[in-house]
Amino acid sequence: MSYSTYLPGTGQTAAAGAVAVGGIPLGTIEGLTISRNGAVPNTYLDFAAGRAIISAVSSRVSAVNGSTFTKRIDQTWAAGSGNGGRFAGTVSANQTWHCFIMYNDSTQAIDFGMSTSVSGSDAPSGWSVRRIGSWLTDGAGNFRNVLQVGNSFIHDSHIIVTGK
């Protein structure tokens, strides 16, 4: 496997070592905070600017997103901000949706998507993915309130176990 850093919009690709990509440790996720969209919080998520290392088909890339990106869970995935974000299936009550930054191996485009598969194995063809967080739906299939603090996602509901 080769290693490279690609910065979207620059056309630049630089060789790097096996320990880091362009000096960035392989496990790095910077920024990319996920939040409910202010205008349509029940079905839209916003992904903040940031970067993550993604294992692409033939290399590892530093996927950089320069601005807030919005995806909606009520429509199947389509490229671009404001478009559908769901890879497959249907939205229903009390599901866990895993959120991914995506890198297109052919076009070198960056995008985002959501799946009930923790690995994102149902991502569109030609895209490599890296999970950056997980989100829950409520009893009506809408996004629940979640507070993201670093790598932690604090959900607004609690599971109460009674009895022994």
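Ground rules before I go on. This is a predicted model, where local features need pLDDT of at least 70, side-chain atom pairs count only at pLDDT 80 or more, and totals for chains, interfaces and linings use all residues. Residues are numbered from 1 along each chain as its sequence is written, and side-chain values use heavy atoms, with hydrogens and water left out.

**Overall build.** I looked up the secondary structure and found 16 strands and zero helices. Both are DSSP runs numbered from the N terminus: helices are H or I of at least four residues, strands E of at least two. Of the 164 residues, 42% are buried; the cut-offs are under 20% relative accessible area for buried, over 50% for exposed, and partly exposed in between (1.4 Å probe, protein chains only). I also checked contacts (heavy atoms within 4.5 Å). Among those between residues at least 6 apart in sequence, 49% join residues at least 24 apart.

**Phe112.** I find Phe112 in strand 13, residues 110-115. Its relative accessibility is 0%, so I log Phe112 as buried. What does Phe112 touch beyond its neighbours within four places in sequence? My list reads Leu32, Phe47, Asn65, Phe69, Lys71, Trp77, Phe100, Ile101, Met102 and Ile132. Cys99 sits 13 residues away along the chain, and its C-alpha is 7.4 Å from that of Phe112.

**Aromatic rings.** For pairs I take rings of Phe, Tyr and Trp (its six-membered ring) with centres within 6.5 Å; planes under 30 degrees apart are stacked, over 60 edge-to-face, the rest tilted. That rule gives five aromatic pairs. One of them is Trp135 with Phe143, edge-to-face because the planes stand at 85°, with ring centres 6.4 Å apart. Both partners are on my buried list: Trp135 at 0% relative accessible area, Phe143 at 2%. Phe112 turns up again here, as ring pairs link it with Phe47 and Phe69 into a cluster.

**Largest pocket.** On a 1 Å grid over the protein atoms alone, a pocket is an open set of points where a 1.4 Å probe fits, with protein on both sides within 12 Å along at least five of seven lines; lining residues have an atom within 4 Å of a point. The largest pocket holds about 160 Å³, counted as the space filled by probe spheres set on the points, which are joined across faces, edges and corners. Its lining includes Leu32 and Ile132, and I had already noted both as contacts of Phe112. Which strand gives the most to this lining? Strand 14 does, with three residues.

**Positive phi.** Two non-glycine entries to note. Asn94 has a positive phi of about 55° and lies in the loop between strand 11 (83-86) and strand 12 (96-104). At 52% relative accessible area, Asn94 is exposed. Gln108 has a positive phi of about 65°, in the loop between strand 12 and strand 13. I mark Gln108 as partly exposed, at 28%.
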